[in-house]
Amino acid sequence: MRTYSLDDVYETRKRRDSWWTVYFVDPVACRVALPVANRTRMTPNGLTVFSLVLGTVSAACFATNQLMAGAGFFYLSFMIDCVDGKIARLKGTGTPFGLWLDYVGDRIRVVLCAGGLAYGQYALTGDVSYVVLGAAVAVLDLFRYVNAPQMKRVREAVREERLGPDTLTEPDALTDLTEADPLLDPDTLTEPDPLPGQESERVGRSPRARGFFRFFRRLNRFLARHRVRSHLVSGIEFHAAVFVIAPLAGAWALIPLAALSGLLLLANEVFLVYRMWLFTRRHGAGSPQESREHVLV
């Protein structure tokens with residue numbers, strides 16, 4: 001059996017990831033993945049199930065008002081969830097079923113922990129606000145993970161219309177298209193090309209607006225050098241705020257931090273939808289109505 005090095009594990013990290021994962025999870029997950037890969041026969045699916053078990057323990061801790069223990073088990077659950085992906089990429093043992101299991105396991109963990117947190121605090125205080133908190137967290141998470149695949153389908157449909165179905169199998173063609181159009185890359189914070197008839201608007205744009213976009217281009221390049229995605233508040237940071245940071249801070253922080261992180265997550269989703277809308281306006285104007293309808297079916 002091949003012996004892997006830490007550098008091999010590092011190569012399995014995503015090109016860009018959430019800042020929470022890059023700075024607070026990957027340093028631990030990579031070191032855990034190394035002995036798992038070299039000394040055990042654990043499969044990615046087995047690790048996913050173990051992650052779900054830890055998530056269930058976290059939910060039970062939250063339900064019994066053991067906030068710090070719940071935060072610790074949630075962190076461990078997410079860390080193991082990152083390890084399973086690294087093992088799958090390292091050994092080439094990932095499967096389509098594993099993708100489904102990982103996706104569904106994440107949703108189950110969040111719903112259980114949101115329910116446990118709401119139940120534990122409501123049973124302790126009788127404050128219905130915590131019930132609303134649990135419901136809002138679950139709904140926001142489900143919206144985030146329903147919206148993301150649909151946006152991906154829209155981008156793929158536009159790619160197919162621009163390149164043709166046969167060309168989509170060529171990686172170079174997709175790379176060229178992404179480089180030619182920043183809106184195809186979800187990690188690119190660049191100013192979109194003007195729509196037809198809007199060139200003069202860009203020319204007359206104020207220096208403050210041009211400086212704004214230059215700042216974000218520099219910020220995006222800086223984040224890319226550190227493997228951090230440009231979406232600074234995604235679902236991962238939302239989960240970290242609600243299930244790790246707030247419980248560690250204490251019960252007083254649950255509602256304020258959940259509300260703040262939820263608003264930032266919602267703003268991020270609205271921004272992504274807006275960018276997708278700009279992209280489809282620019283490239284989907286000549287698309288047949290039938291091809292646009294099949295995307296959401």
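Helices here are DSSP runs of H or I with at least four residues, strands are E runs of at least two, and both are numbered from the N terminus. The model is predicted, so to speak of local features takes a pLDDT of at least 70 and side-chain atom pairs count only at pLDDT 80 or more, while totals for chains, interfaces and linings use all residues. Residues are numbered from 1 along each chain as its sequence is written, and side-chain values use heavy atoms, with hydrogens and water left out.

Of the 297 residues in the chain, 42% are buried (under 20% relative accessible area, with exposed over 50% and partly exposed in between; 1.4 Å probe, protein chains only).

Now for the charged pairs. The structure holds seven salt bridges, each a side-chain nitrogen of Lys or Arg within 4 Å of a carboxyl oxygen of Asp or Glu. One of them joins Arg-109 to Asp-81 at 3.7 Å, N to O. Arg-109 sits in helix α5 (residues 96-125) and Asp-81 in helix α4 (residues 67-91), so this pair ties together parts 28 residues apart in sequence. Arg-109 also forms a salt bridge with Asp-106, with the closest N and O atoms 3.0 Å apart; these two lie three residues apart in helix α5, about one turn of the helix. Arg-109 counts as buried because its relative accessibility is 4%, and Asp-106 does so at 13%.

Another salt bridge pairs Asp-141 with Arg-107 (3.0 Å, N to O). Here helix α6 (residues 129-163) supplies Asp-141 and helix α5 supplies Arg-107, 34 residues apart. Both Asp-141 and Arg-107 are buried. Elsewhere, a network of salt bridges links Asp-26, Lys-86 and Arg-227.
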